[in-house]
Each structure stands twice: as C-alpha cells, then as structure tokens.
Amino acid sequence: MKMKTRKFTKYYVNVLLLTLCIAVLMIVPLLRPDNAKHFGTEPYLNLRLSHDLSSYDELSYGGRYAAYNWGLPWILSFMPPKLLPFILGILSFILFNALLNKFKFENRILANILFLTSPLFITLFSDINNFMIPLTLTLLNIFLILQSNKLRYLSLLSSVIMPLFSLPFTILNLFFLFLLIKFKIKEKKALYYVIVFLTTFI
C-alpha cells in the first residue's frame, strides 16, 4: 500500500512540475512587447540564415564567408520558430529531472522548481537563441552515457553533432563527460575516448 502511495505521489509531483514547465514556456513569450517578435538580433540572424543556407552571406559587411554555426539555421528551415524553444524546454526539463533521479538528489522538487524559474531556463527557452540546443544536447549526452544498456552509444551521435551548434558547449560537454568518467563511471572510459576522437576529427 505504501509503495502504491509513493508511486502515485511521485507521478502527481511529476505532472505538476511538467505543468509548471509548460506554463513558464507559454507565459513568458506572452510578456514580450507587442512590437517585438523576438528579443535582440540573434533570432533574426538565424531566421534569415534559415532561408538561405549558403556559405556566403551577402548582407554581412557587404558580403563575406558565412562563418556561422549552421545547426540552428538548418533546423529552423523546417521547424516553426515558436515551436522549437517550447519543445527543447520541455525536453530539457525531462532530462534534468531524469538526471536528478539518476543521481538520487534528495531535494528534487526544489531543484526542478529552481531550474524552471531560473533566468537561464527562461532566457534560453522563451525565444530562438544559439544556446538552447547545445544545452539540451549536453543534458542528453550526460543522460545517455549514464545508461547501462545500448542507449549509451547514442551519446556518440549527440556528441558528434554538438559542434554544429556551439564550439564552447562542445568543450563544456566533453569536460562534464570527463568528470563523470573520472568520478562515477570509470568503466566507460573507452566510450569517452571514442567520443573525444569523433568530436575532434569529424
């Protein structure tokens, strides 16, 4: 009976937290001024690039080689710009919550609430920006490499595509994985070396 009660309570809490996540993701964009579709210039640049996925940018400084991270513009070429941050926000919350469970974090509810109401979460997942996908991929990589089944090998794929979105986050991702390998999952050292090799040379 106690076991069933605990499972129901855990399920109920997860539903409430997910509801809070959806509420934050839906309400924050509504607070944007009526004359502003997006915050800053970054969303407009990525949307413009998504309509012309070429290696030359005619509108930048009279024309120059388009040395941008092309992962986000490519995704925006087929994904609605308002839907992408919403989906990534929900996915990031689910991964963050799963990692808290994996590490058996005691104050999981408080940690989730702080995460959902933090300036980091609100800023990254209320509009298009260059860091929403890298953060989600970093959480995904950590979650995948902690798995004991074949899912852990998917961390190879998610790590390899990271440089398409952000080089700094790629380095940060490798650093986090290094800490995990060194202090928690030493038996997956070989997998980490493969990730480093593929991320560096592909």
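Predicted model: local features only at pLDDT ≥ 70, side-chain atom pairs only at ≥ 80, totals over all residues.

User: What makes up the chain, in terms of helices and strands?

Analyst: The chain has 10 helices and 2 strands, in the order α-α-β-β-α-α-α-α-α-α-α-α along the sequence. Both are DSSP runs numbered from the N terminus: H or I of at least four residues for helices, E of at least two for strands.

User: How do you know that the span of helix 4 is close to the expected one?

Analyst: Helix 4 covers residues 83–102, which is 20 residues, and reaches 29 Å from its first C-alpha to its last. Just after helix 4, Lys 104 has a positive phi of about 55 degrees.

User: Why is Ser 118 called buried?

Analyst: Buried means under 20% relative accessible area, exposed over 50%, and partly exposed in between (1.4 Å probe, protein chains only). Ser 118 has 15% relative accessibility, so Ser 118 counts as buried. Ser 118 sits in the loop between helix 5 (108–116) and helix 6 (119–124).

User: And is Ser 148 buried or exposed?

Analyst: Ser 148 is at 67% relative accessibility, and therefore counts as exposed. Ser 148 belongs to the loop between helix 7 and helix 8 (154–160). Its C-alpha is 9.7 Å from that of Lys 188, 40 residues apart along the chain. For the chain as a whole, 41% of the 202 residues count as buried.

User: What makes the Ser 118 side chain and Phe 121 a polar contact?

Analyst: A polar atom of the Ser 118 side chain lies 3.2 Å from the backbone nitrogen of Phe 121. A polar contact is a pair of N or O atoms within 3.5 Å; within protein, one must be able to donate a hydrogen and the other to accept it, and residues adjacent in sequence count only if both atoms are side-chain atoms. The distance of 3.2 Å is therefore within the limit.

User: Why are helix 4 and helix 5 called roughly antiparallel?

Analyst: Their axes come within 10 Å and cross at roughly 155 degrees. Angles over 145 degrees count as roughly antiparallel, under 35 as roughly parallel, 65 to 115 as roughly perpendicular and the rest as oblique, so helix 4 and helix 5 are roughly antiparallel. Residues making the contact (heavy atoms within 4.5 Å) include Phe 93 and Phe 96 of helix 4 and Ala 111 and Phe 115 of helix 5.

User: How are helix 7 and helix 9 oriented to each other?

Analyst: The axes of helix 7 and helix 9 (residues 167–183) cross at roughly 20 degrees, and the two helices are therefore roughly parallel. Among the residues that meet are Thr 138 and Ile 142 in helix 7, and Phe 176 and Leu 180 in helix 9.

User: What do you know about Ile 142 in helix 7?

Analyst: Ile 142 has a relative accessible area of 12%, so Ile 142 is buried. Leaving aside neighbours within four places in sequence, Ile 142 is in contact with Leu 99, Phe 176, Leu 177 and Leu 180.

Note on methods:
Residues numbered from 1 in each chain as written. Heavy atoms only, no water. Expected span 1.5 Å × (residues − 1). Axes fitted to C-alpha atoms, helices over the stretch in contact; angles between N-to-C directions.
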